Amino acid sequence: MILIIGAGISGISAAKNLKRDFLILEKKGDIGGLSTQYKSNKYFFDYGGHYFHFKEKPEIKKYLEKFVNFKKYDRRSKVYIVNKYIPFPLQFHLSHLPSRLKNKILEEILNCTEQQSNNLFEFVENNFGKKLSELFFKPFLSKYYRFDLKKIISNMDKGSIPIPDKKSVLQGFKGKSFLKIGYNPSFYYPEKSLKDFFIKYSNDVKKKIMVNEEVLAIDIDKKTVRTKDNFFHYEFLINSIPLKTLLQIIKQKKNFPLHTSLLNTSTLVTNVVLKRKRKNFHWVYLPENKFPFYRVGYYPGKEIPVCYLEKTVINKTKHNKANLLKDTIITLKKLNLIENKNEILYFDTKVIPISYIIFDKNWKNIVPQTLEKLKSFGIFSIGRYGAWNYTSMSDDVKSAIITANTINSLY
Ligand SMILES: Cc1cc2nc3c(=O)[nH]c(=O)nc-3n(C[C@H](O)[C@H](O)[C@H](O)COP(=O)(O)OP(=O)(O)OC[C@H]3O[C@@H](n4cnc5c(N)ncnc54)[C@H](O)[C@@H]3O)c2cc1C
C-alpha cells in the first residue's frame, strides 16, 4: 500500500499516476490544499493570486487540459511607485519614472558588471545598482520576506527577478514596452474556477481520499502512520505536507535536522468583493511602506470583481480585523481601486501559515540531504512544501508524476 499525505495538487497528481494500491489522507474536510478555493459567506475565494504557469512545461498543460479547459491571460502587472502605476518589470520601464530618479538608475544599471552575489541584498545591488535597489527591490523584498536580505541566498527564486540586459533597459528608458519579460508573461486559469478544476481532476481518485484524517505521527522503522482514530501501514509514503511538519511528526529522530532550522514566511490574504472594477491590471506590486500589503490583485475569471491583498506576517501574529479593514480601505483608495468604502461588498481574511520558503544559508546544507535521507526510508517528500522549495503548481504536478513513475518502477 502506498500512503499519500495531503490531497493538494501534489498528492492528487501523484495518486492519479500510481499503478499500485494507494490511499490519500487529508487533514481538512475538503481537498485541493492551497490550490483550490474556500467558501466564506456565499463567496468562493482563492488563497491569494493563483495562476498556472506553463511556460517551460507544455507537457503539463497538455496533461491538465485533459481534465479542464484553461483560459490564457497575457500578464498585465504593475508596480505602484512614486504615486503612479508603472508596467512590470520596473527595470525595463524606466521611462515612467521622474527624471531625477531614472537618469541615475540608468547610469548605475549600465555600469553594473557581472559578479558573484553572496546574498539577495548583494544580488539586487550588483544587478540593478543602489538607486533602483533602494527605490524598489529592497523595500519590496523586505516586506515580502520580513527577513534580513543579507541572510537570504540569491538565485533561488527561479528567475522571478528578471535580470535586465542593458540594451533593453536603454530601450525601456526611451519608452519601449517590455510586457513579455519574466517567468510568467502569460498565465492560465481554469475556465470556471480552481474549485471546479479540483472536482474534475480528482474524479478518478476521490474514492481513495480520506478527509478529516490528519496524520499525527509516523514511525519510519515500522512504516506506520497514525491519525486520531486510525493506524495505517505503508510500503512507500508520498508526503506533500510541509517538510517542517513532517520532521516534527516522525517518531525517530535519526539525526534529521531540527524542524526549527527550516524557515518560511506566513501570508495574510485579504479577499474583498467589490462593487465595480476600476482598473484593468491583474496585480500590482507595492514596495512602499505607506502600504502594509506587498501585492494587490484582481482574481481572474470572476463574474463580480474580487480583489486580494497579500501581506507577510510573523507567525502567530494576532490580527485585528477592524484594523485590517481600515488598512484595506486606505490601500484600495490610494490605488484608486475604490472611491469610498461603500464599494466594498464583502471582506474576508485567511492566514497561510507556511507560504514562501526562506532560502537562508542552512537551506543548501539541510534540504537536499534530508529529502535523500527520507527516500532511503521509503518516503518521497514532494511539492512546494514537502520538498521545501520555490515551485509552482505545474512544477508540483510534474514532480508528482515523476515520483509516481519512480515508485511504479520499484515494484
Ligand atoms: C500566496 C500564494 C500565492 C501563490 N501563487 C501561485 C501561483 O500564482 N501559481 C502557482 O503555480 N503557484 C502559486 N503558489 C504555490 C502553490 O500554492 C503551491 O505550489 C501548491 O499549492 C502546492 O500544492 P501541494 O499539494 O504541494 O501543497 P498544499 O496545497 O499545501 O497541499 C497539502 C495538503 O496537505 C494537507 N495536510 C497538511 N497537514 C496534514 C496532515 N498532518 N495530515 C494530512 N493532511 C495534511 C493540507 O490540508 C493540504 O490539503 C502560491 C502560494 C501562495 C502561498
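This is a predicted model: local features need pLDDT of at least 70, side-chain atom pairs count only at pLDDT 80 or more; totals for chains, interfaces and linings use all residues.

Student: OK, what span should helix α3 have, with its 13 residues?
Tutor: Helix α3 covers residues 99-111, and at 1.5 Å a residue its 13 residues should span 18 Å. The C-alpha atoms at its ends are 18 Å apart, which agrees.

Student: Which residues in α3 are buried?
Tutor: I105, L106 and I109 are buried. Looking down the axis of α3, the buried residues fall within an arc of 100°, so they line one face of the helix.

Student: And what's exposed on the other side of α3?
Tutor: S99, R100, E107 and N111 are exposed there.

Student: What covers the buried residues of α3?
Tutor: The cover includes α4 (120-145) and α5 (166-173).

Student: Switching to the ligand. How many residues surround it?
Tutor: The ligand is surrounded by 36 residues, and G6, G8, G33, G383 and S392 are the closest. Elements giving two or more residues to this shell are α1 (9-16), β18 (344-357), α10 (383-386) and α11 (393-409).

Student: Which element gives the largest share of that shell?
Tutor: That is α10, with 4 residues.

Student: How does the shell divide into nonpolar, polar and charged residues?
Tutor: There are 12 nonpolar, 17 polar and 7 charged residues in the shell around the ligand.

Student: Which domains does the shell draw on?
Tutor: At least three residues come from each of domain 1 (2-32 + 202-262 + 360-409) and domain 2 (34-75 + 184-193 + 264-357).

Terms used: Residues are numbered from 1 along each chain as its sequence is written. A residue is near a molecule or strand if its C-beta atom, placed from the backbone, lies within 6 Å of it. Ala, Val, Leu, Ile, Met, Phe, Trp, Tyr, Cys and Pro count as nonpolar, Asp, Glu, Lys and Arg as charged, and the others, Gly among them, as polar. Domain bounds come from an automatic or database domain assignment. The expected span of a helix is 1.5 Å times one less than its number of residues. A residue is buried if 20 or more other C-beta atoms lie within 10 Å of its own, exposed if 12 or fewer, and partly exposed in between; C-beta atoms are placed from the backbone. The arc is that of the directions from the helix axis to the C-beta atoms. Two residues are in contact if their C-beta atoms, placed from the backbone, lie within 7 Å.
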